[in-house]
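Dear colleague,

Please find below the structure that I am handing over to you, together with its sequence.

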Amino acid sequence: MTKNHRLDLLQPYPFEKMRSLFAACEANQAKDFINLSIGEPKHSPPEFIVSALADPKTLAQCLNQYPATQGSDALREAISQWLDGRFDVKVSADTQILPVNGTREALFAFAQAMLGDAADGLVGMPNPFYQIYEGAALLAGATPYFFNHEPAFQYGIDFDSVPASVWQGMDMMYICSPANPTGNLLDQTALQDLIRKAHDYDFIIAADECYAEIYFSDAEKPTSLLAASAAMGATDFSRCAVFHSLSKRSNLPGLRSGFVAGDATLMQRFLKYRTYHGCALGAHHQLASTLAWQDESHVSASRQLYRDKFTSISSVLAPHFALHQPAGGFYHWLKTPVSDTLFAQQLLNEENIKVVPGSYLARGTGQANGGLVDASGDYNPGANHVRVAWVAQPAQCLEAATRLASFASRHA
Ligand SMILES: Cc1ncc(COP(=O)(O)O)c(C=O)c1O
(Lines give C-alpha, C1' and ligand atoms only; values in the text may rest on other atoms or scores of the structure.)
Protein backbone atom coordinates (compact mmCIF):
# COMPACT_ATOMS: atom_id res chain seq x y z
CA MET A 1 0.00 0.00 0.00
CA THR A 2 1.25 3.50 0.71
CA LYS A 3 4.97 3.74 1.43
CA ASN A 4 4.91 7.25 2.83
CA HIS A 5 5.34 6.42 6.50
CA ARG A 6 5.91 10.07 7.31
CA LEU A 7 2.15 10.60 6.98
CA ASP A 8 1.86 8.57 10.20
CA LEU A 9 3.94 11.21 11.99
CA LEU A 10 1.32 13.92 11.42
CA GLN A 11 -0.66 14.88 14.51
CA PRO A 12 -4.42 15.29 14.37
CA TYR A 13 -5.35 18.90 13.72
CA PRO A 14 -6.49 20.87 16.83
CA PHE A 15 -10.08 20.93 15.53
CA GLU A 16 -10.11 17.14 15.27
CA LYS A 17 -8.95 16.87 18.90
CA MET A 18 -11.65 19.35 19.87
CA ARG A 19 -14.35 17.22 18.28
CA SER A 20 -13.43 14.38 20.67
CA LEU A 21 -13.06 16.73 23.64
CA PHE A 22 -16.46 18.30 23.10
CA ALA A 23 -18.25 15.05 22.20
CA ALA A 24 -18.98 14.46 25.88
CA CYS A 25 -20.23 18.03 26.46
CA GLU A 26 -23.82 19.18 26.73
CA ALA A 27 -23.75 22.69 25.38
CA ASN A 28 -26.18 25.10 27.03
CA GLN A 29 -28.86 25.36 24.34
CA ALA A 30 -30.62 28.19 26.18
CA LYS A 31 -27.91 30.48 24.79
CA ASP A 32 -27.00 31.08 21.14
CA PHE A 33 -23.86 29.25 20.05
CA ILE A 34 -20.83 31.51 19.59
CA ASN A 35 -17.75 30.09 17.95
CA LEU A 36 -14.53 31.80 19.09
CA SER A 37 -12.33 28.90 18.06
CA ILE A 38 -11.67 29.52 14.37
CA GLY A 39 -9.36 32.24 13.07
CA GLU A 40 -11.54 32.84 10.04
CA PRO A 41 -12.05 36.58 9.37
CA LYS A 42 -15.72 37.49 9.43
CA HIS A 43 -15.54 41.20 8.60
CA SER A 44 -17.14 41.80 5.19
CA PRO A 45 -14.97 41.22 2.13
CA PRO A 46 -14.44 44.42 0.09
CA GLU A 47 -17.39 45.09 -2.25
CA PHE A 48 -15.12 46.01 -5.15
CA ILE A 49 -13.45 42.59 -4.98
CA VAL A 50 -16.78 40.78 -4.99
CA SER A 51 -17.85 42.81 -8.06
CA ALA A 52 -14.53 42.21 -9.83
CA LEU A 53 -14.84 38.47 -9.32
CA ALA A 54 -18.44 38.45 -10.54
CA ASP A 55 -17.93 40.35 -13.80
CA PRO A 56 -19.07 37.83 -16.46
CA LYS A 57 -16.92 39.11 -19.32
CA THR A 58 -13.69 39.09 -17.35
CA LEU A 59 -14.58 35.77 -15.78
CA ALA A 60 -15.16 34.16 -19.17
CA GLN A 61 -11.77 35.38 -20.39
CA CYS A 62 -9.99 34.23 -17.24
CA LEU A 63 -11.60 30.81 -17.14
CA ASN A 64 -10.54 30.26 -20.72
CA GLN A 65 -6.81 30.25 -19.96
CA TYR A 66 -4.20 28.31 -18.00
CA PRO A 67 -2.80 30.79 -15.49
CA ALA A 68 0.96 31.31 -15.14
CA THR A 69 2.54 29.79 -12.03
CA GLN A 70 4.67 32.90 -11.63
CA GLY A 71 1.52 35.03 -11.66
CA SER A 72 0.75 38.01 -13.86
CA ASP A 73 3.18 40.92 -14.15
CA ALA A 74 0.41 43.19 -12.85
CA LEU A 75 -0.07 41.15 -9.68
CA ARG A 76 3.64 40.89 -8.89
CA GLU A 77 4.03 44.62 -9.57
CA ALA A 78 1.10 45.45 -7.23
CA ILE A 79 2.67 43.28 -4.50
CA SER A 80 6.07 44.93 -5.01
CA GLN A 81 4.48 48.35 -4.64
CA TRP A 82 2.58 47.27 -1.54
CA LEU A 83 5.78 45.98 0.09
CA ASP A 84 7.48 49.28 -0.70
CA GLY A 85 4.59 51.33 0.72
CA ARG A 86 4.06 49.18 3.80
CA PHE A 87 7.64 48.25 4.79
CA ASP A 88 9.77 50.65 2.74
CA VAL A 89 11.58 47.79 0.94
CA LYS A 90 12.42 47.42 -2.75
CA VAL A 91 11.49 43.92 -3.85
CA SER A 92 11.84 42.93 -7.51
CA ALA A 93 8.53 41.97 -9.13
CA ASP A 94 10.51 39.90 -11.66
CA THR A 95 12.70 37.76 -9.43
CA GLN A 96 11.73 38.11 -5.77
CA ILE A 97 7.94 37.65 -5.61
CA LEU A 98 5.67 34.64 -6.23
CA PRO A 99 1.87 34.63 -5.81
CA VAL A 100 0.55 31.62 -3.86
CA ASN A 101 -2.83 30.12 -2.92
CA GLY A 102 -2.79 31.58 0.59
CA THR A 103 0.06 31.28 3.06
CA ARG A 104 -0.96 27.83 4.36
CA GLU A 105 -0.27 26.18 1.03
CA ALA A 106 2.99 28.08 0.56
CA LEU A 107 4.32 27.59 4.11
CA PHE A 108 3.83 23.87 3.64
CA ALA A 109 5.19 23.61 0.11
CA PHE A 110 8.22 25.78 0.90
CA ALA A 111 9.65 23.17 3.27
CA GLN A 112 9.10 20.40 0.70
CA ALA A 113 10.83 22.44 -1.99
CA MET A 114 13.72 23.75 0.10
CA LEU A 115 14.58 20.75 2.25
CA GLY A 116 14.09 17.86 -0.11
CA ASP A 117 15.02 14.97 2.11
CA ALA A 118 16.68 16.59 5.11
CA ALA A 119 16.17 13.57 7.33
CA ASP A 120 18.86 14.66 9.76
CA GLY A 121 18.06 18.38 9.83
CA LEU A 122 16.10 20.52 12.26
CA VAL A 123 13.26 22.84 11.35
CA GLY A 124 12.66 25.42 14.07
CA MET A 125 9.20 26.76 14.85
CA PRO A 126 7.40 28.65 17.59
CA ASN A 127 5.46 26.74 20.26
CA PRO A 128 2.45 27.26 20.48
CA PHE A 129 2.17 27.55 16.74
CA TYR A 130 0.30 27.19 13.48
CA GLN A 131 0.38 23.43 13.04
CA ILE A 132 1.21 23.53 9.33
CA TYR A 133 4.87 24.29 10.22
CA GLU A 134 5.19 21.00 12.07
CA GLY A 135 3.48 18.94 9.35
CA ALA A 136 5.63 20.58 6.68
CA ALA A 137 8.81 19.73 8.58
CA LEU A 138 7.79 16.14 9.28
CA LEU A 139 6.71 15.40 5.72
CA ALA A 140 10.00 16.85 4.46
CA GLY A 141 11.80 14.34 6.66
CA ALA A 142 13.13 16.92 9.12
CA THR A 143 12.82 17.05 12.90
CA PRO A 144 10.82 19.93 14.42
CA TYR A 145 12.58 22.00 17.08
CA PHE A 146 10.24 24.05 19.26
CA PHE A 147 10.99 27.59 20.39
CA ASN A 148 8.67 28.15 23.32
CA HIS A 149 6.61 31.30 23.75
CA GLU A 150 7.21 31.50 27.50
CA PRO A 151 4.57 33.06 29.74
CA ALA A 152 7.45 34.02 32.04
CA PHE A 153 9.09 35.88 29.12
CA GLN A 154 6.00 38.05 28.40
CA TYR A 155 5.01 35.28 26.00
CA GLY A 156 8.06 36.02 23.86
CA ILE A 157 10.73 33.54 22.70
CA ASP A 158 14.13 33.61 24.38
CA PHE A 159 16.25 32.82 21.31
CA ASP A 160 19.44 33.64 23.24
CA SER A 161 18.95 30.62 25.47
CA VAL A 162 19.02 28.22 22.49
CA PRO A 163 22.32 26.28 22.48
CA ALA A 164 24.75 26.57 19.54
CA SER A 165 24.36 22.82 18.88
CA VAL A 166 20.71 23.45 17.97
CA TRP A 167 21.54 26.30 15.60
CA GLN A 168 24.20 24.09 14.02
CA GLY A 169 21.61 21.45 13.14
CA MET A 170 19.03 23.94 11.80
CA ASP A 171 18.13 23.78 8.08
CA MET A 172 15.17 26.11 8.22
CA MET A 173 13.12 27.97 10.79
CA TYR A 174 9.58 29.28 10.78
CA ILE A 175 8.84 32.45 12.63
CA CYS A 176 5.45 34.11 13.01
CA SER A 177 5.01 37.81 13.74
CA PRO A 178 2.44 38.91 14.79
CA ALA A 179 2.26 35.47 16.36
CA ASN A 180 -0.73 33.18 16.34
CA PRO A 181 -1.84 32.69 19.12
CA THR A 182 0.09 35.01 21.47
CA GLY A 183 -0.07 38.22 19.40
CA ASN A 184 3.63 38.91 20.08
CA LEU A 185 5.85 40.75 17.62
CA LEU A 186 9.47 40.18 16.64
CA ASP A 187 11.08 43.61 16.38
CA GLN A 188 13.86 44.62 14.00
CA THR A 189 16.63 43.77 16.48
CA ALA A 190 15.25 40.27 17.09
CA LEU A 191 14.82 39.68 13.35
CA GLN A 192 18.34 40.86 12.59
CA ASP A 193 19.78 38.57 15.29
CA LEU A 194 18.03 35.67 13.59
CA ILE A 195 19.28 36.72 10.15
CA ARG A 196 22.85 36.78 11.51
CA LYS A 197 22.34 33.29 12.92
CA ALA A 198 20.94 32.12 9.57
CA HIS A 199 24.18 33.24 7.92
CA ASP A 200 26.45 31.89 10.64
CA TYR A 201 24.76 28.49 10.76
CA ASP A 202 23.54 28.24 7.16
CA PHE A 203 19.76 27.99 7.41
CA ILE A 204 16.71 29.61 5.77
CA ILE A 205 14.15 31.76 7.60
CA ALA A 206 10.50 31.43 6.56
CA ALA A 207 8.64 34.35 8.14
CA ASP A 208 4.87 33.99 8.41
CA GLU A 209 3.67 37.60 8.38
CA CYS A 210 0.03 36.94 7.50
CA TYR A 211 -1.25 39.02 10.45
CA ALA A 212 1.01 42.02 9.69
CA GLU A 213 -1.90 44.33 8.88
CA ILE A 214 -3.84 43.77 12.09
CA TYR A 215 -2.13 45.72 14.87
CA PHE A 216 -3.27 47.90 17.71
CA SER A 217 -0.82 50.79 17.92
CA ASP A 218 0.61 52.82 15.05
CA ALA A 219 3.72 53.24 17.20
CA GLU A 220 4.18 49.47 17.31
CA LYS A 221 3.50 48.49 13.72
CA PRO A 222 4.72 44.97 12.83
CA THR A 223 7.83 45.10 10.68
CA SER A 224 8.96 42.54 8.10
CA LEU A 225 11.92 40.19 7.91
CA LEU A 226 12.67 41.78 4.52
CA ALA A 227 12.81 45.27 6.05
CA ALA A 228 15.10 43.97 8.81
CA SER A 229 17.36 42.37 6.20
CA ALA A 230 17.52 45.51 4.03
CA ALA A 231 18.23 47.68 7.10
CA MET A 232 21.38 45.64 7.79
CA GLY A 233 22.54 46.06 4.19
CA ALA A 234 21.33 42.69 2.86
CA THR A 235 19.08 44.09 0.14
CA ASP A 236 19.18 40.73 -1.65
CA PHE A 237 17.29 39.26 1.37
CA SER A 238 19.70 36.36 1.40
CA ARG A 239 18.26 33.30 3.24
CA CYS A 240 14.98 35.15 3.92
CA ALA A 241 11.44 34.49 2.68
CA VAL A 242 8.25 36.18 3.90
CA PHE A 243 4.68 34.93 3.54
CA HIS A 244 1.71 37.31 3.26
CA SER A 245 -1.96 36.79 2.62
CA LEU A 246 -5.17 38.54 1.67
CA SER A 247 -7.09 36.27 4.06
CA LYS A 248 -6.64 38.38 7.19
CA ARG A 249 -5.61 41.68 5.58
CA SER A 250 -8.60 41.93 3.25
CA ASN A 251 -11.08 39.51 4.83
CA LEU A 252 -10.77 37.20 1.82
CA PRO A 253 -9.96 33.76 3.28
CA GLY A 254 -12.03 32.09 0.56
CA LEU A 255 -10.05 33.68 -2.27
CA ARG A 256 -6.94 31.66 -1.31
CA SER A 257 -4.48 34.33 -2.26
CA GLY A 258 -1.16 35.41 -0.87
CA PHE A 259 2.47 35.69 -1.86
CA VAL A 260 5.96 34.69 -0.88
CA ALA A 261 8.83 37.13 -1.37
CA GLY A 262 12.54 37.39 -0.67
CA ASP A 263 15.87 35.86 -1.72
CA ALA A 264 15.80 35.48 -5.54
CA THR A 265 17.63 32.15 -5.42
CA LEU A 266 15.03 30.70 -3.07
CA MET A 267 12.20 32.14 -5.18
CA GLN A 268 13.63 30.74 -8.38
CA ARG A 269 13.87 27.26 -6.84
CA PHE A 270 10.40 27.56 -5.33
CA LEU A 271 9.02 28.58 -8.75
CA LYS A 272 10.61 25.49 -10.29
CA TYR A 273 8.98 23.30 -7.63
CA ARG A 274 5.61 25.03 -8.06
CA THR A 275 5.66 24.63 -11.84
CA TYR A 276 5.68 20.87 -11.37
CA HIS A 277 3.34 20.94 -8.38
CA GLY A 278 0.70 22.75 -10.46
CA CYS A 279 -0.57 25.29 -7.97
CA ALA A 280 -1.02 28.43 -10.08
CA LEU A 281 -3.57 30.97 -8.87
CA GLY A 282 -6.58 31.20 -11.23
CA ALA A 283 -6.40 34.27 -13.50
CA HIS A 284 -9.61 35.77 -12.05
CA HIS A 285 -8.15 35.39 -8.54
CA GLN A 286 -4.97 37.06 -9.73
CA LEU A 287 -7.00 39.98 -11.10
CA ALA A 288 -8.97 40.39 -7.88
CA SER A 289 -5.79 40.05 -5.82
CA THR A 290 -4.10 42.80 -7.82
CA LEU A 291 -6.96 45.15 -6.95
CA ALA A 292 -6.88 44.14 -3.27
CA TRP A 293 -3.12 44.81 -2.86
CA GLN A 294 -3.62 48.20 -4.50
CA ASP A 295 -6.22 49.41 -2.00
CA GLU A 296 -5.57 50.45 1.60
CA SER A 297 -8.88 51.98 2.65
CA HIS A 298 -10.63 48.65 3.27
CA VAL A 299 -7.60 47.47 5.26
CA SER A 300 -7.56 50.44 7.62
CA ALA A 301 -11.35 50.21 8.06
CA SER A 302 -11.06 46.54 9.08
CA ARG A 303 -8.09 47.29 11.37
CA GLN A 304 -10.14 50.00 13.09
CA LEU A 305 -12.98 47.53 13.60
CA TYR A 306 -10.55 45.15 15.36
CA ARG A 307 -9.19 47.99 17.49
CA ASP A 308 -12.67 49.07 18.57
CA LYS A 309 -13.67 45.47 19.32
CA PHE A 310 -10.55 44.83 21.41
CA THR A 311 -11.13 48.04 23.39
CA SER A 312 -14.69 47.07 24.34
CA ILE A 313 -13.94 43.35 24.84
CA SER A 314 -10.88 44.07 26.96
CA SER A 315 -12.74 46.38 29.32
CA VAL A 316 -15.28 43.59 29.92
CA LEU A 317 -12.63 40.87 30.43
CA ALA A 318 -9.95 42.81 32.33
CA PRO A 319 -11.55 42.52 35.78
CA HIS A 320 -11.71 38.72 35.42
CA PHE A 321 -8.55 37.66 33.53
CA ALA A 322 -4.87 38.64 33.65
CA LEU A 323 -5.12 39.89 30.06
CA HIS A 324 -2.07 39.63 27.81
CA GLN A 325 -2.90 42.21 25.15
CA PRO A 326 -1.77 41.21 21.66
CA ALA A 327 0.33 43.67 19.67
CA GLY A 328 -1.10 42.17 16.50
CA GLY A 329 -3.49 39.53 15.18
CA PHE A 330 -7.01 38.97 16.41
CA TYR A 331 -6.62 36.56 19.32
CA HIS A 332 -6.62 36.76 23.07
CA TRP A 333 -4.35 34.15 24.63
CA LEU A 334 -6.13 33.77 27.95
CA LYS A 335 -4.62 32.23 31.05
CA THR A 336 -7.10 29.80 32.61
CA PRO A 337 -7.53 29.08 36.34
CA VAL A 338 -8.00 25.34 35.62
CA SER A 339 -6.66 23.08 32.87
CA ASP A 340 -7.31 24.51 29.40
CA THR A 341 -9.30 21.45 28.31
CA LEU A 342 -11.56 21.56 31.37
CA PHE A 343 -12.03 25.33 30.94
CA ALA A 344 -13.04 24.84 27.29
CA GLN A 345 -15.50 22.06 28.16
CA GLN A 346 -17.11 24.02 31.00
CA LEU A 347 -17.38 27.12 28.85
CA LEU A 348 -19.26 25.15 26.20
CA ASN A 349 -21.49 23.46 28.78
CA GLU A 350 -22.43 26.67 30.54
CA GLU A 351 -22.14 29.43 27.93
CA ASN A 352 -22.35 27.61 24.57
CA ILE A 353 -19.05 29.18 23.50
CA LYS A 354 -16.19 27.32 21.83
CA VAL A 355 -12.53 28.27 22.33
CA VAL A 356 -9.36 26.29 21.53
CA PRO A 357 -7.50 24.65 24.43
CA GLY A 358 -3.95 26.03 24.32
CA SER A 359 -2.29 22.64 24.79
CA TYR A 360 -3.85 21.59 21.44
CA LEU A 361 -1.90 24.40 19.73
CA ALA A 362 1.43 23.47 21.29
CA ARG A 363 3.67 20.52 21.92
CA GLY A 364 4.91 19.12 25.18
CA THR A 365 8.64 19.58 25.33
CA GLY A 366 9.77 17.27 28.10
CA GLN A 367 11.40 20.18 29.94
CA ALA A 368 10.34 20.94 33.52
CA ASN A 369 9.53 24.63 33.52
CA GLY A 370 6.88 26.89 34.95
CA GLY A 371 4.30 24.33 36.04
CA LEU A 372 2.37 24.32 32.75
CA VAL A 373 1.61 20.68 32.09
CA ASP A 374 -0.73 19.12 29.57
CA ALA A 375 -2.97 16.08 29.98
CA SER A 376 0.02 13.72 29.74
CA GLY A 377 1.93 15.59 32.47
CA ASP A 378 4.46 17.05 30.03
CA TYR A 379 5.58 20.70 30.16
CA ASN A 380 3.58 22.43 27.45
CA PRO A 381 3.70 26.21 26.94
CA GLY A 382 0.10 26.14 25.70
CA ALA A 383 -1.28 24.41 28.79
CA ASN A 384 -3.57 26.46 31.06
CA HIS A 385 -4.30 28.85 28.21
CA VAL A 386 -7.07 29.10 25.64
CA ARG A 387 -7.10 30.87 22.30
CA VAL A 388 -10.04 33.19 21.72
CA ALA A 389 -10.55 34.44 18.14
CA TRP A 390 -12.38 37.78 18.03
CA VAL A 391 -13.33 37.53 14.36
CA ALA A 392 -17.12 37.87 14.56
CA GLN A 393 -19.12 41.07 14.27
CA PRO A 394 -18.77 43.51 17.22
CA ALA A 395 -22.14 42.80 18.85
CA GLN A 396 -21.53 39.05 18.91
CA CYS A 397 -17.98 39.52 20.25
CA LEU A 398 -19.28 41.78 23.03
CA GLU A 399 -21.98 39.26 23.93
CA ALA A 400 -19.34 36.51 24.08
CA ALA A 401 -17.02 38.66 26.23
CA THR A 402 -19.88 39.36 28.65
CA ARG A 403 -20.62 35.63 28.94
CA LEU A 404 -16.89 34.85 29.42
CA ALA A 405 -16.72 37.46 32.20
CA SER A 406 -19.74 36.05 34.03
CA PHE A 407 -18.37 32.50 33.57
CA ALA A 408 -15.05 33.62 35.10
CA SER A 409 -16.74 35.33 38.02
CA ARG A 410 -18.80 32.20 38.79
CA HIS A 411 -15.63 30.08 38.75
CA ALA A 412 -13.38 32.56 40.59
C1 LIG B 1 -0.26 31.85 11.63
C2 LIG B 1 -1.03 31.54 10.41
N3 LIG B 1 -0.36 31.37 9.26
C4 LIG B 1 -1.00 31.08 8.12
C5 LIG B 1 -2.38 30.95 8.10
C6 LIG B 1 -3.04 30.58 6.78
O7 LIG B 1 -3.72 31.62 6.22
P8 LIG B 1 -4.06 31.66 4.66
O9 LIG B 1 -3.66 30.34 4.07
O10 LIG B 1 -5.50 31.89 4.60
O11 LIG B 1 -3.23 32.76 4.11
C12 LIG B 1 -3.12 31.13 9.25
C13 LIG B 1 -4.60 30.96 9.23
O14 LIG B 1 -5.28 30.94 10.20
C15 LIG B 1 -2.43 31.43 10.45
O16 LIG B 1 -3.07 31.60 11.60
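This is a predicted model: local features need pLDDT of at least 70, side-chain atom pairs count only at pLDDT 80 or more; totals for chains, interfaces and linings use all residues.

Together the three strands make an open, antiparallel sheet in the order 10-13-12. Its edges are strand 10 and strand 12 (356-357), each of which pairs on one side only. Although strand 10 is an edge strand, four of its five residues are buried, so strand 10 is largely enclosed by the rest of the structure. Helix 14 (residues 340-351) lies across strand 12 and strand 13, and its direction makes an angle of about 45° with strand 13.

**The two domains**

The protein is divided into domain 1, made of 7-44 and 298-410, and domain 2, which covers 66-295. Their C-alpha centres are 25 Å apart. Where they meet, 34 residues of domain 1 are in contact with 36 residues of domain 2. On the side of domain 1 that touches domain 2, two elements give two or more residues each, namely helix 13 (297-317) and strand 10 (331-335). Helix 13 gives the most, with seven residues. By class, this side of domain 1 has 16 nonpolar, 13 polar and five charged residues.

A second open sheet has eight strands in the order 2-9-8-7-6-3-4-5, with mixed pairing. Strand 2 (97-100) and strand 5 (156-157) are at its edges with a single partner strand each, so one side of each has no neighbour in the sheet. Inside that order, strand 6 (residues 170-176) and strand 7 (residues 204-208) pair in the parallel sense over five bridges. Met 172 stands opposite Ile 204 of strand 7. Helix 5 (residues 103-115) lies across several strands of this protein, among them strand 2, strand 3 (122-127) and strand 9 (258-262), and runs at about 160° to strand 8 (240-245).

**The ligand surroundings**

Which residues come nearest to the ligand? Of the 13 residues around the ligand, these are Gly 102, Thr 103, Arg 104, Ser 245 and Ser 247. The shell around the ligand consists of four nonpolar, seven polar and two charged residues.

Ala 93 is found in the loop between helix 4 (73-87) and strand 2. Is Ala 93 buried or partly exposed? With 18 C-beta neighbours inside 10 Å, Ala 93 counts as partly exposed, because a residue is called buried only at 20 or more. Apart from neighbours within four places in sequence, the contacts of Ala 93 are Asp 73, Arg 76, Glu 77 and Ser 80. Ala 93 and Arg 76 are 17 residues apart along the chain, while their C-alpha atoms are separated by 5.0 Å.

With kind regards

How values were computed: Residues are numbered from 1 along each chain as its sequence is written. A residue is near a molecule or strand if its C-beta atom, placed from the backbone, lies within 6 Å of it. Ala, Val, Leu, Ile, Met, Phe, Trp, Tyr, Cys and Pro count as nonpolar, Asp, Glu, Lys and Arg as charged, and the others, Gly among them, as polar. Two strands pair if DSSP finds at least two bridges between them. Two residues are in contact if their C-beta atoms, placed from the backbone, lie within 7 Å. Axes are lines fitted to C-alpha atoms, for helices over the stretch in contact, and angles run from 0 to 180 degrees between N-to-C directions. A residue is buried if 20 or more other C-beta atoms lie within 10 Å of its own, exposed if 12 or fewer, and partly exposed in between; C-beta atoms are placed from the backbone. Domain bounds come from an automatic or database domain assignment.
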